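Take a look at the model below. The paragraphs after it go from the overall fold to single residues.

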Amino acid sequence: MHYLSSADARTAGKLVLDEFSGFSIGTFALTPKSQGSVHIVSPDPAQAPAMNANYLQHPDDVASMLGALRLARKVSRQPALARFVVRETRPGPAGNSDEALLDYARAVGQTSYHPIGSCRMGSDAGSVVDERLRVRGVSCLRVADASIMPTMPSANTNAPSIAIGEKAVDLILEDASR
């Protein structure tokens with residue numbers, strides 16, 4: 001939810017400063033159920049992969065987003081903040097229906113800048129790496145970053161990513177000593 005700010009179609013999808021003072025209340029799901037995909041489309045490593053984030057495809061994620069947007073409005077009406085609010089500009093006071101709020105979320109929604117899971121670790125057929133961080137079906141290749149996380153941690157991904165890297169070192173040294 002944005003307050004005291006303006007939308008500009010020329011900057012859609014970009015981080016920009018608004019023309020005047022204001023504040024935003026942002027939300028995102030820590031444990032979304034919608035799943036996207038990343039697929040190699042060419043043997044050329046310079047060719048970008050095909051990516052489909054698939055945001056808000058699961059009904060639970062839709063319900064969570066609607067609840068979060070409504071909660072953000074409730075927070076902005078509390079006495080500590082309400083005195084600073086001149087008006088809500090995005091999605092705006094007309095955006096009250098579920099459809100309007102979802103249209104808004106789909107139009108301006110962004111990631112939390114901590115993507116995970118594109119090389120998910122696990123033992124099922126959909127996992128990319130095994131418990132030793134080895135890519136299934138490819139020899140001599142491991143993945144040791146946040147992409148192996150099967151679910152988003154409830155905190156910043158930095159510390160878990162460091163732990164994954166440290167574990168990768170242990171696994172590589174252990175395999176090298178055999």
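This is a predicted model: local features need pLDDT of at least 70, side-chain atom pairs count only at pLDDT 80 or more; totals for chains, interfaces and linings use all residues.

Residues are numbered from 1 along each chain as its sequence is written, and side-chain values use heavy atoms, with hydrogens and water left out.

The protein has 4 helices and 5 strands; helices (H or I, at least four residues) and strands (E, at least two) are DSSP runs, numbered from the N terminus. Along the sequence their order is β-β-β-β-α-α-β-α-α. Of the 178 residues, 24% are buried, where buried means under 20% relative accessible area, exposed over 50%, and partly exposed in between, with a 1.4 Å probe and protein chains only. A contact is a pair of residues with heavy atoms within 4.5 Å. Among contacts between residues at least 6 apart in sequence, 52% join residues at least 24 apart.

Helix α1 (residues 59–76) packs against α3 at an angle of about 95°, and their axes are 10 Å apart. The axes are lines fitted to C-alpha atoms, for helices over the stretch in contact, and angles run from 0 to 180 degrees between N-to-C directions. Angles under 35 degrees count as roughly parallel, over 145 as roughly antiparallel, 65 to 115 as roughly perpendicular and the rest as oblique; α1 and α3 are therefore roughly perpendicular to each other. On the α1 side the contact is made by Val62, Met65, Leu66, Leu69, Arg70 and Arg73, and α3 contributes Asp98, Leu101, Leu102, Tyr104, Ala105 and Arg106.

Leaving aside residues up to four places away in sequence, Asp98 touches Leu66 and Arg70. The C-alpha atoms of Asp98 and Leu66 are separated by 6.8 Å, although the two residues are 32 apart along the chain. With Arg70, the side chain of Asp98 forms a side-chain polar contact of 3.0 Å. A polar contact is a pair of N or O atoms within 3.5 Å; within protein, one must be able to donate a hydrogen and the other to accept it, and residues adjacent in sequence count only if both atoms are side-chain atoms.

In α4, Ile164, Ala168 and Leu171 are buried. They cover an arc of only 70° around the axis, so they sit on the same side of α4; the arc is that of the directions from the helix axis to the C-beta atoms. Ala159, Glu166, Leu173 and Ala176, on the other side of α4, are exposed.

The loop between α3 (98–108) and α4 (158–176) holds Asp130, which counts as buried because its relative accessibility is 9%. The side chain of Asp130 reaches the backbone nitrogen of Arg132 at 2.9 Å. Cys140 is found in the loop between α3 and α4 and is exposed, given its relative accessible area of 84%.

Most residues other than glycine have a negative phi, and most peptide bonds are trans. Phi of Cys140, however, is near 60°, a positive value. Leu56, in the loop between β4 (50–52) and α1, has a positive phi near 55°. The peptide bond between Arg90 and Pro91 is cis, with omega about 5°.
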